[in-house]
Amino acid sequence: MEKNVFNELIDRKGTYCTQWDYIEDRFGVNDLLPFTISDMDFAVPDVINNALKKRESHPIYGYTRWNHIDFKQSIVSWYKERFATQVDLDWIVYSPSVIYTISRLIELKSEVGEQVVIQTPAYDAFFKTIRTNKREIAENPLHYINGIYSIDFDDLEQKLADEKTTIFLLCSPQNPTGRVWTKEELTKMIELCDRYHVFLISDEIHMDIVRETYQHLPVVSVPTKFEQIAICSSASKTFNTSGLIGSYALIPDKRLQEDFLEVLKNRDGLSSASIMGIESIMAGYSSGQNWVDELNEYISSNLTVVANYLKLQIPEIKFTIPESTFLAWIDISGLPFEMEDLQQALIEIGEVAIMDGSIYGVQGKDFLRMNIGCPRKKVMDGLEGLKKAVDYLKMNKNNS
C-alpha cells in the first residue's frame, strides 16, 4: 500500500460527522479545524469497503445474527496473529459499543454505592458511566515524571483493598496518556484484583494502534482466574468504523456471560447486530493486517512531526511521543497562562479545536489532547494554529 493513501484530504463536512459538523457543541463556534473526537480522518481500508459494497448489493437489511463461527473466528484469529494470544470462541459476545459493555458489566458486578477504581487521567466516558450507574469513583492517579506515566501501586492496592471496591476499570492501552502496560505491570494489577476479590474490566479498544517497539498484551494473555476478568474491545478505532456500530466482549465466566446476554437481549432489546458493523469487523480482522501496519507507521511519523515542531517552535510545551493511540497528550504546564485563556486563543486566534485535558480528570488540567489521526497537512495546520494562539498570548502578556 502506498502511504500517500493516508495523506488524502477527505471532506467530512455535511456527513453528520461529530468531529467536523458539530464543533459548536463543545467550542461555541463551528468554523474551527477539529482535533477532538477520537475517530480518524482516513478512509477505511479497501477490504472493508469492498465487503460493505458486496453486502450493500443485497437489497434486504433484516435482523442480523452475530452468534456464528465467521464472526467469532475472525476475532480469535486476530488475537492469535496480532497478540499471540489464544481466545476461546465461547468467550465472545457482541455488544453495540464498548461503553455499553462497560456500563452493563458495572451494573452486573457491583451494587449501587460501591466503588469502581480507575486510573487518572482517564477517558471521560468512564466518569460518566460510573456515576450514571450510581457507583462511586475511586481514582488511582498515575505518577507523571519527566513525561513518563507509571502506576502508583501502593495507592492502587489501598483502593482495591477498600471493602467498598468491587470493580477495577482498566484502560489498556491507556487513554489519554498512551501507556502500553508491560507484562509485569499487568501481572501485578491482576494479582491485586485476585487478592482483594475485585472484578477487572479491561477496555482494550486502542489495542491495535501501538508504536513499533511496544506490544499490547490482552489481559487474558497473563495468567489469571479468567472468571474474574472481562475484555471490552472493537475494531472501530483500528479501522475507523465507529459509525457502523459494533463491538464485542470476551467474558470467560459463563454465568456472567449469560447474565450479560439476558440484559442485552431481553431487557435492552439489542441482540440483533448492525449488519455493516458485523461485516466490517469480519473483513478487517480477516484481511486488514497490512493496512494496520501502514497506519501505525503513519501515526508514528505524525507524532514525530508533532514532537519536532513543538521542540523547535514552542519549547515551553513538553511532549513525549506516546506508546500507543493516535492521541497526542501535550503538556502545557510550562506556558505562563491559564488553560481558559489558551482555549479562548485557540478558538479565536488559532481557529483550531483541541481538547482541554481537564475533561479527563484533574490530572489532565495542564494538558491538551490532540487527535493526530489525520493527514499530515491537517496536523501541521493544527500545530500552526496552536503556535498562533501561544504567540498571541505571549505578546499580550508582554504588553500588559
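Helix axes here are lines fitted to C-alpha atoms over the stretch in contact, and the angle between two of them runs from 0 to 180 degrees between N-to-C directions. The structure is a predicted model.

**Helix pairs**

Helix α4 (residues 69–83) packs against helix α12 (residues 289–313) at an angle of about 45°, and their axes are 12 Å apart. That angle makes α4 oblique to α12, because angles under 35 degrees count as roughly parallel and 65 to 115 as roughly perpendicular. The crossing of α4 past α12 is right-handed. On the α4 side, the contact is made by Trp-78, Glu-81 and Arg-82; on the α12 side, by Gln-289, Val-292, Asp-293 and Asn-296. By type, the residues of this contact of α4 with α12 are 2 nonpolar, 2 polar and 3 charged.

Helix α13 (residues 339–350) and helix α14 (residues 376–399) pack at about 115°, with axes 8 Å apart. Their crossing, too, is right-handed. From α13, Asp-341, Leu-342, Ala-345, Leu-346, Ile-349 and Gly-350 take part; from α14 come Gly-385, Leu-386, Lys-388, Ala-389, Val-390, Tyr-392 and Leu-393. The contact of α13 with α14 divides into 9 nonpolar, 2 polar and 2 charged residues.

Helix α3 (residues 46–56) and helix α11 (residues 275–287) cross at roughly 140°, and their axes come within 8 Å. The two helices, α3 and α11, are therefore oblique to each other. α3 passes α11 in a right-handed crossing. Val-47, Ile-48, Ala-51, Leu-52, Arg-55 and Glu-56 of α3 meet a set of α11 residues made up of Ile-275, Met-276, Glu-279, Ser-280, Ala-283, Gly-284 and Ser-287. Of the residues in the contact of α3 with α11, 7 are nonpolar, 3 polar and 3 charged.

The angles and axis distances are set out below.

| Helix pair | Angle | Axis distance |
|---|---|---|
| α4 and α12 | about 45° | 12 Å |
| α13 and α14 | about 115° | 8 Å |
| α3 and α11 | roughly 140° | within 8 Å |

**Aromatic residues**

Across the whole structure, a search finds 18 aromatic pairs. One aromatic cluster is formed by Phe-6, Phe-42, Trp-78, Tyr-79, Phe-83, Phe-239, Tyr-248, Tyr-285, Trp-291 and Tyr-298. Trp-78 of this cluster is also one of the α4 residues in the contact with α12.

Tyr-298, another member of the cluster, has the charged end of Arg-376 over its ring, 4.7 Å from the centre.

How values were computed:
Residues numbered from 1 in each chain as written. Predicted model: local features only at pLDDT ≥ 70, side-chain atom pairs only at ≥ 80, totals over all residues. Heavy atoms only, no water. Phe/Tyr/Trp six-rings, centres within 6.5 Å; stacked < 30°, edge-to-face > 60°. Lys NZ or Arg CZ within 6 Å of the ring centre and 35° of its normal. Helix = DSSP H or I, 4+ residues; strand = E, 2+ residues; numbered from the N terminus. Parallel < 35°, antiparallel > 145°, perpendicular 65-115°, else oblique. Left-handed = near helix turned anticlockwise from the far one by under 90°. Contact = heavy atoms within 4.5 Å. Nonpolar A, V, L, I, M, F, W, Y, C, P; charged D, E, K, R; others polar.
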